[in-house]
Amino acid sequence: MPFPRASQALSRFTVLDLTRIRSGPTAVRQFADWGANVIKIDALSDDAGSEQPGGPRRGSDFQNLHRNKRAMTLNLKDPRGLAVFKRLVEKADVVVENFRPDVKTRLGIDYESLKAINPGIVYGSISGFGQDGPYHKRPGFDQIAQGMGGLMSITGAPGEGPMRVGIPVADLTAGLFCALGVLTALLERDVSGQGQWVQTSLLQAQIFMLDFQAARWLMEQDVPKQAGNNHPTSIPTGVFKTSDGYINIAATGGKIWERCAQAIGAPELITNPDYATGPARSKNRDALNAAISACTAKRTTEEWVNDLNAAGVPCGPIYSVDQMFADAQVKHLGLAQDVPNDQNRKITLVAQPFTLSRTPSHMAARPPEVGEQTEELLAEFGFGAEEIAELRRGKVV
């Protein structure tokens, strides 16, 4: 039966969602928000009002992760539930899971088992450390990956010890990389006709996100260190005090640095030999930052943002989250979107960060209650009314 689609971009795909917590739902959200037929498989033990990993079902976190989906309950530990799932797999395009690597094999829903049923299935897996190797059975957690992936060693002020990033960056990027991998596999399937197993982990994602910091070690054997609010290589880039708060300034390169010095009313800094070249500015960054701050402290953040931008110097205010959503450009981009719903609830969530001109994404449906569309979905996959009733009586769904 028809249901609200967030877009037409991925509407030809059916995705079975076995994920929980954050990394897996982040991956599947990309498919739901772009119109795929996403079916969230709830365990029979799930409770709409209970505390569970990821918070209560009607809490902001869960709602933001699971919009634009439908849900059914299924007991995968029951052989009859496994048989139901395999019937769904026959007609699906994608399965995404983030169990510990041994769990899916124990349940009989690993890639090889499902490939035998549907050779075209694309199977996305997210784990903490990989599907094999010495750590593969360890439970994964974002902060553990941030630490082992090197991020905490380069985050925070020098000498103050390691610092985690303020968002679960390993979880989120692992989810996005999984979605990218699944989409890549679906494109390849158009040529080969065959599905494949897409694997990523929190540790892999975190290391990839180190980017140039990782390359500094691999290419130059330079171990990056904490730099606080300073950019590790481009000086001056950092946080500077104003008369009513703080401002970010990124004066990278000789020309922009000269424009910055002129704009803050300190042209003498340009000819000062301590700041005349990039290496000199890097070597004397603390003194240079102090000199800039002495200038910026004389005026408000808004005044500096206006004047520095007019001078062609990259800069911006440092917002709290509420201030960020009140910003004119953020409003213009439409990153906060209301979700239509029949429960008379105010649901406003974070929209997709990219747009498509012909098949845009929008908030089409609120996140489903536990197993809300079980009968509807089973019927769509060919289950008859009596079969569904029997599954109910047997506590399989």
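Biologist: Which residue in strand 3 stands opposite Lys 40?

Modeller: Ala 71 in strand 3 stands opposite Lys 40. Keep in mind that this is a predicted model.

Biologist: How many bridges join strand 2 to strand 3, and how do the two run?

Modeller: Four bridges join them, and they run parallel. Strand 3 covers residues 70–73.

Biologist: What about strand 1 and strand 2? How do they pair?

Modeller: In the parallel sense, over four bridges. Strand 1 is residues 14–17. Leu 16 has Ile 39 of strand 2 as its bridge partner.

Biologist: How does the chain get from strand 1 to strand 2?

Modeller: Through helix 1, residues 23–33. That makes a β-α-β crossover, and the crossover is right-handed.

Biologist: Why is strand 2 described as largely enclosed?

Modeller: Six of the six residues of strand 2, residues 37–42, are buried, so the rest of the structure largely encloses this strand.

Biologist: Which side chains of strand 2 point which way?

Modeller: Asn 37, Ile 39 and Ile 41 point one way. Val 38, Lys 40 and Asp 42 point the other way. All of them are buried.

Biologist: Back to Leu 16. What stands opposite Leu 16 in strand 4?

Modeller: Val 95 does. Strand 1 and strand 4 pair in the parallel sense over three bridges.

Biologist: And strand 4 itself, which residues cover its two sides?

Modeller: Strand 4 spans residues 94–97. Val 94 and Val 96 are on one side, Val 95 and Glu 97 on the other. All four are buried, and both faces of the strand are covered.

Biologist: Which strand is joined to strand 4 by four bridges?

Modeller: Strand 5, residues 122–127, and the two run parallel. Tyr 123 in strand 5 is the bridge partner of Val 95.

Biologist: Now the core. How many residues does the largest nonpolar core have?

Modeller: It has 29 residues. Those with the most contacts inside it are Leu 16, Met 72, Leu 74, Phe 85, Val 95, Leu 378 and Phe 383.

Biologist: Which elements each supply at least two residues of this core?

Modeller: Strand 2, helix 3, helix 4, helix 5, helix 17 and helix 18. Helix 3 gives the most, with five residues.

Biologist: Switching to the surface. Which residues make the nonpolar patch?

Modeller: Tyr 135, Phe 141, Ile 144 and Met 148. The patch is about 400 Å².

Biologist: Where is Met 148, and is it exposed or partly exposed?

Modeller: Met 148 is in helix 6, residues 142–148. Its relative accessibility is 38%, so it counts as partly exposed.

Biologist: On to the backbone. Which peptide bond is cis?

Modeller: The one from Ile 235 to Pro 236, with omega near 0°. Pro 236 sits in the loop between helix 9 and strand 7.

Biologist: What is the phi of Asn 344?

Modeller: Positive, about 55°, although Asn 344 is not a glycine. Asn 344 lies in the loop between strand 10 and strand 11. At 77% relative accessibility, Asn 344 counts as exposed.

Biologist: And Lys 395, what is its phi?

Modeller: Lys 395 has a positive phi of about 55°, and it is not a glycine either.

Biologist: Where does Lys 395 sit? Buried or exposed?

Modeller: Lys 395 is in the segment after helix 18. Lys 395 has 62% relative accessibility, so it counts as exposed.

Key. Residues numbered from 1 in each chain as written. Predicted model: local features only at pLDDT ≥ 70, side-chain atom pairs only at ≥ 80, totals over all residues. Heavy atoms only, no water. Buried < 20%, exposed > 50% of the residue type's maximum accessible area, 1.4 Å probe, protein only. Pairing = 2+ DSSP bridges. Right-handed = clockwise from strand over helix to strand, strands pointing away. Patch = residues over 30% accessible without salt bridge, like charges linked within 9 Å, V, L, I, M, F, W, Y side chains within 5 Å. Areas by Shrake-Rupley, 256 points an atom, 1.4 Å probe, with all protein chains shown as cover. Salt bridge = Lys/Arg side-chain N within 4 Å of Asp/Glu carboxyl O. Core = buried A, V, L, I, M, F, W, Y, C linked by side-chain atoms within 4.5 Å.
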